[in-house]
Amino acid sequence: MQLKVHNYRLKGKTASGETVVLRPMTESDWPLLVKWNNDPDVLYYSEAEEVQGWPLDTIQEIYRSVSQNAYCFIVEYHDTPVGECWLQKMNLPDIAQAFPELDTRRIDIMIGEKDYWGRGIGAAAIGLLTKLGFEDEKADMIFGCSIADYNERSLRAFFKNGFELYKTVNEPEGRKAKCSHYLVLKKERYAEIKP
């Protein structure tokens, strides 16, 4: 199985006016994805378990699998690849079963270049994926899933885009987070606040 590549190229701005581009993820991006998925500081925020890194074959399996039901992107800031993100059909049974008649999606994001943390890039990328989800894909609800309680940057990035708390789940003993948050934005709310 290869990455399923799409044709969307999304362009937006950070709150400070800097350009952010989401370009399609391709099979040539493995070196970037290996780097980011083997940085312990990045994985601290992106993984619930204590993970130190992933081998190439596991990384390829994950992204290739996700891409079959998602639009996977590389995040670029001033033409520099700084992270990855995707808009995926909802794959969590409890949420999908709670809204069986609705088109539910989820956004996942990782800013893998630590020098670019805190610049509003994640918030801009989430905004672009949200617009894609509601305006092009006609989704009914978009979620941010399993965001660790200590991942304040990610929570702020979703809240800046109008997402609201859907539920909080206590994590099992031994996990890094005491709880994880699930956020949601409904199409009606998006219509009220869209830029």
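A charge sits over a ring if NZ of Lys or CZ of Arg is within 6 Å of the ring centre and within 35 degrees of the ring normal.

## Charges over rings

By that criterion, Lys167 lies over the face of Tyr182, 5.0 Å from the ring centre. Arg153 is placed over the face of Tyr45, at 4.9 Å from the ring centre.

## Basis of the values

The model is predicted: local features need pLDDT of at least 70, side-chain atom pairs count only at pLDDT 80 or more, and totals for chains, interfaces and linings use all residues. Residues are numbered from 1 along each chain as its sequence is written, and side-chain values use heavy atoms, with hydrogens and water left out.

## The sheet

Helices (H or I, at least four residues) and strands (E, at least two) are DSSP runs, numbered from the N terminus. Two strands pair if DSSP finds at least two bridges between them. Eight strands make an open sheet with mixed pairing, in the order E1-E2-E3-E4-E5-E6-E8-E7. Strand E1 (10-13) and strand E7 (164-170) are at the edges with a single partner strand each, so one side of each has no neighbour in the sheet. From one strand to the next the twist averages 25°, where axes are lines fitted to C-alpha atoms, for helices over the stretch in contact, and angles run from 0 to 180 degrees between N-to-C directions.

E7 pairs with strand E8 (residues 179-186) in the antiparallel sense over 6 bridges. Val169 has Ser180 in E8 as its bridge partner.

## Helices on the sheet

Helix H5 (residues 121-136) packs on the sheet and touches several strands, including E1, E5 and E8; its direction makes about 155° with that of E5. Contact means heavy atoms within 4.5 Å. Helix H6 (residues 152-160) lies across E5, E6, E7 and E8, and runs at about 165° to E6.

## Aromatic pairs

Rings of Phe, Tyr and Trp (its six-membered ring) pair if their centres lie within 6.5 Å; planes under 30 degrees apart count as stacked, over 60 as edge-to-face and the rest as tilted. The whole structure holds 13 aromatic pairs. In one of them, Tyr8 and Tyr71 are edge-to-face, 5.1 Å centre to centre with 90° between the planes. Tyr8 is in the segment before E1 and Tyr71 in strand E3, 63 residues apart.

Tyr77 and Tyr116 have ring centres 5.6 Å apart and planes at 75°, so this pair is edge-to-face. Tyr77 belongs to strand E3 and Tyr116 to the loop between E5 and H5, 39 residues apart. Tyr44, Tyr45, Trp117 and Tyr150 form one aromatic cluster.
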